[in-house]
Amino acid sequence: MPLQLMMCRYCARSRPEVYTMIARLARAHPTELEVIELECMAACDDVPAVMIDTDYFPRIHATELEHEVLERLRAAASATRE
Ligand code: FES
C-alpha cells in the first residue's frame, strides 16, 4: 500500500515551494506515494498543512515535507525487504 499524502489543493497551490515539492516527490515515487488532493482539509488556519498517512503536519516547510516523506518511504522499503 502506498504512502498517502493528503493536501488541500487550494492551499497547497498558494505555497509554491510546498506544491512543487509534492509534485517532485510524486514524480520520483509514482508507485510508493499516493497524493490525495481535497477541496478543503479543514486546516485553513495551518496553511500549508498535509496529512501523511494518519499524521498531521501544520505549517509545514518544503524541506520538512521532503524529509518526512523520504524517511517514511525508506522505512517502508526496509520493512518489505525484511
Ligand atoms: S481551503 Fe485549504 S484547508 Fe481549507
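In which loop does arginine 59 lie? Arginine 59 is found in the loop between strand E4 (55–57) and H3; helices (H or I, at least four residues) and strands (E, at least two) are DSSP runs, numbered from the N terminus. The structure is a predicted model, in which local features need pLDDT of at least 70 and side-chain atom pairs count only at pLDDT 80 or more, while totals for chains, interfaces and linings use all residues. Residues are numbered from 1 along each chain as its sequence is written.

Most residues other than glycine have a negative phi, and most peptide bonds are trans. Arginine 59, although not a glycine, has a positive phi of about 45°. Arginine 59 is exposed, because 12 other C-beta atoms lie within 10 Å. A residue is termed buried if 20 or more other C-beta atoms lie within 10 Å of its own, exposed if 12 or fewer, and partly exposed in between, with C-beta atoms placed from the backbone. Alanine 42, in the loop between E2 and E3, also has a positive phi, near 55°. Alanine 42 has 9 C-beta neighbours inside 10 Å and therefore counts as exposed. The loop between strand E2 (33–38) and strand E3 (50–52) holds proline 48 as well. The peptide bond from valine 47 to proline 48 is cis, with omega near -5°.

Strand E1 was considered through two of its residues. Leucine 5 lies in strand E1 (residues 3–8) and counts as buried because it has 23 C-beta neighbours inside 10 Å. Leaving aside neighbours within four places in sequence, leucine 5 is in contact (C-beta atoms, placed from the backbone, within 7 Å) with Ile22, Leu33, Val35, Ile36, Val50, Ile52 and Val69. Methionine 7 also lies in strand E1 and is buried, with 26 other C-beta atoms within 10 Å. Residues up to four places away in sequence not being counted, methionine 7 touches Ala12, Ile22, Glu37, Met41 and Val50. The C-alpha atoms of methionine 7 and isoleucine 52 are 9.0 Å apart, although 45 residues separate the two in sequence.

Alanine 12, one of the residues touched by methionine 7, belongs to helix H1 (residues 9–13). With 23 C-beta neighbours inside 10 Å, alanine 12 is buried. The contacts of alanine 12, again without residues up to four places away in sequence, include Pro48.

The packing of two helices was then described. Two packed helices are described by the angle between their axes and the distance between the axes. The axes of helix H2 (residues 16–28) and H3 come within 9 Å and cross at roughly 25°; axes are lines fitted to C-alpha atoms, for helices over the stretch in contact, and angles run from 0 to 180 degrees between N-to-C directions. H2 is therefore roughly parallel to H3, a term for angles under 35 degrees. Glu17, Val18, Met21 and Leu25 in H2 meet Ala62, Leu65, Glu66 and Val69 in H3.

Helix H3 (residues 62–81) has 20 residues, which at 1.5 Å a residue should span 28 Å; the expected span is 1.5 Å times one less than the number of residues. The end C-alpha atoms of H3 are 29 Å apart, which agrees. Of the 20 residues of H3, 2 are buried, so the helix lies largely in the open.

Conventions:
Two residues are in contact if their C-beta atoms, placed from the backbone, lie within 7 Å. Angles under 35 degrees count as roughly parallel, over 145 as roughly antiparallel, 65 to 115 as roughly perpendicular and the rest as oblique.
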